[in-house]
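Hi there,

Here is the structure I promised to send you. Have a look at it first, and then read my notes below.

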Amino acid sequence: MGKPFAHELTLINETISWANSVDLTMLSDFFQKIEGPVYLVGSGGSLSACQFAVDLLNKKGKFAKAITPLELFYLKETLRNSTIIFISSSGRNYDIKFSYKIAIEHEPKEIGIICMKENNPLEELSANHGITTSFNFELPSGKDGFLATNSLIAFYIIFNNSLSNERLKNNIDFNSFLEEVQYFLRKINTQCTFTVLYSGWNKSVALDIESKCSEAGLAPSLVADYRNFGHGRHNWFDKQKESAIISLYAEDDSLLANRTLDLLPKSIPKLMLKSRWQSSVGCIELLVKSFIFINELGKKVGIDPGRPGVPQYGRKLYNLPYSSSLPKEEKIKLSLRARASIRRKLDNYNIFSINKKEQKLWINAYNNFINNLKKASFGLILFDYDGTLCSSEERFSGPSQSILDGIIKIIDNGYLIGIATGRGKSVREVFQNLLPRKYWDKILIAYYNGSDCGFLNDNGLPNKELPLHPSLASIEKQLLKEISNYDIKVEVRPCQLTVEVNDINRWAFIRKLILQIIGNSGIHDIQILESSHSLDIIPNSVSKLNMISFAQETLKKLNLPQQVLCIGDKGQWPGNDFQLLDHKFGLSVDEVSPKFETCWNIASNGKRNISATLEYMNAMNFSDKGIKLNINK
């Protein structure tokens, strides 16, 4: 089993060169858009990569934590408001697949998968879940031996290049360090215990040294930062004489490292792993140096780290299907769809965490909502646009062909489509470009959150020649005065001001500033609606609900069922669909309100936004009496 470790080291510069050539635009965008806590999940060597990514994300001001798959299971209550990123070289092991299923069940904000193997089992497992984004690379060196080597270097380079502006150069010569390692190893025996000290960027390398020493059975090792070492861990060397220090540091850590080591007896063997760089790039250099140390240590103890041999019980432990051994939730007769739907309403709590009386209320409310949906016959399906018909990646190109096919199917069966959006003519132009003209008079559009309603074939809409609403004119003046120094775009329409930021990392700050300005303005006849990274400011008289009355009048004229099914993504106030989805037949593909009767998200576990919309579309049945929604409880 495995490959000679020394041979894998000869491929490192090739791996660095390859990783530096990979296009990481989409991965960089994924990291940049992360909001809230981040868990990075991995086992073995991948856990070291998780820690390196954590350090990079922390430097970006994001809270991140590296955890194992088992730790994720015990953090279930925190997953819904977090982003989960799974890191695995092959995406194949039981632990990573099981923890992915746990994450899907609890529907975090977003899930990422990063693997060094294309078409891997983890990617296949995620194929039907719209909240997951996969980044899969084909490592030229192939599968690692027993220990993570080239895959780990690739992860470090890819994370660094996605989250940092600095780059590691190719073809680094580490031969001079080899002499230091060999000199150090001559001073110790094969029973030596190592304490690995780190600070700054180098925690992940310290953890990886401990991991490799343990996994390959090379030597016992302990890990501590320089100051925590001073809180008692130094006493190990007074009691256990066969011990040595491995010190990791960069130039800016050198004073702390040297002052710490100078206080120890000179008889204690010390290996200094120093980086020439003070940034994340230096951490990558030290990782490679640590591989050289592991290789030479293997020679000394007579074990090849790349193929150390695994006992039969070790294989059984690795493949242990442990899910049945973990604590179980209280038993209750509820379908997976019902559990997911109620959990979304409870926002982070599952139904087992509330009292029996409230449990019954939610179960009854869910059943009533589903029953009412299934009884209704709809003549028009009214969609929000961004986040419901169109993903953020499709913002400028328009909906996918799958969504267009769903729209065409509804119209071809004799019924109508409505679109309620905060946008203007861009939506009309998109659909006119993507759909044949024969469908245009079957599509109703509510522009600027319902301030202007009409048909897709009416090129005179939205009407931008109307005067600006007086309250919006006053707000516009104050905004331009207060925010002119920021990278902000303000679009002015007769009944809507839209505020967007160009740097999404500044969105939280800008949002607070704008809300403060408007709150202090003294103007009360306006409302503020939010989408992902913009604010729409509109008069109280404007609402996406205006489209429902317009749609029902149209349906009546055409002798079609007058019930309207509303589908959107931002159903929780102040989301821009909160009024629309408060309708009797309000169905969300993402955020829901806490109300019993309306605004439910009944999509399958792990489906969100476009994938949830497609699920609802696929559940529609057509007859001469209207559109029926056929979704099992």
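Please keep in mind that this is a predicted model. I looked at two places in it.

Let's start with strand 10, which spans residues 378–384. This strand is mostly covered, with 7 of its 7 residues buried. Which strands pair with strand 10? One partner is strand 18, made of residues 563–570. The two run parallel and are joined by 5 bridges. To find this pairing on your screen, look for F383, whose bridge partner in strand 18 is I567. Another partner is strand 11, residues 416–420, which also runs parallel to strand 10 and is joined to it by 5 bridges. Here you can look for I381, which has I417 of strand 11 as its bridge partner.

Now follow the chain from strand 10 to strand 11 by way of helix 18, which covers residues 401–412. Together, these three elements form a right-handed β-α-β unit.

Is S88 buried or exposed? Its relative accessible area is 3%, and a residue counts as buried under 20%, so S88 is buried. What does S88 touch, leaving out residues up to four places away in sequence? The list is S46, N93, I96, I114, C115, M116 and F155. There is also a polar contact to find: a polar atom in the side chain of S88 lies 2.8 Å from the backbone nitrogen of G91.

Enjoy exploring, and write back with any questions!

Best wishes

Technical notes: Residues are numbered from 1 along each chain as its sequence is written. This is a predicted model: local features need pLDDT of at least 70, side-chain atom pairs count only at pLDDT 80 or more; totals for chains, interfaces and linings use all residues. Side-chain values use heavy atoms; hydrogens and water are left out. Buried means under 20% relative accessible area, exposed over 50%, partly exposed in between (1.4 Å probe, protein chains only). Helices (H or I, at least four residues) and strands (E, at least two) are DSSP runs, numbered from the N terminus. Two strands pair if DSSP finds at least two bridges between them. A crossover is right-handed if, with the strands pointing away from the viewer, the path from the first strand over the helix to the second runs clockwise. A polar contact is a pair of N or O atoms within 3.5 Å; within protein, one must be able to donate a hydrogen and the other to accept it, and residues adjacent in sequence count only if both atoms are side-chain atoms. Contact means heavy atoms within 4.5 Å.
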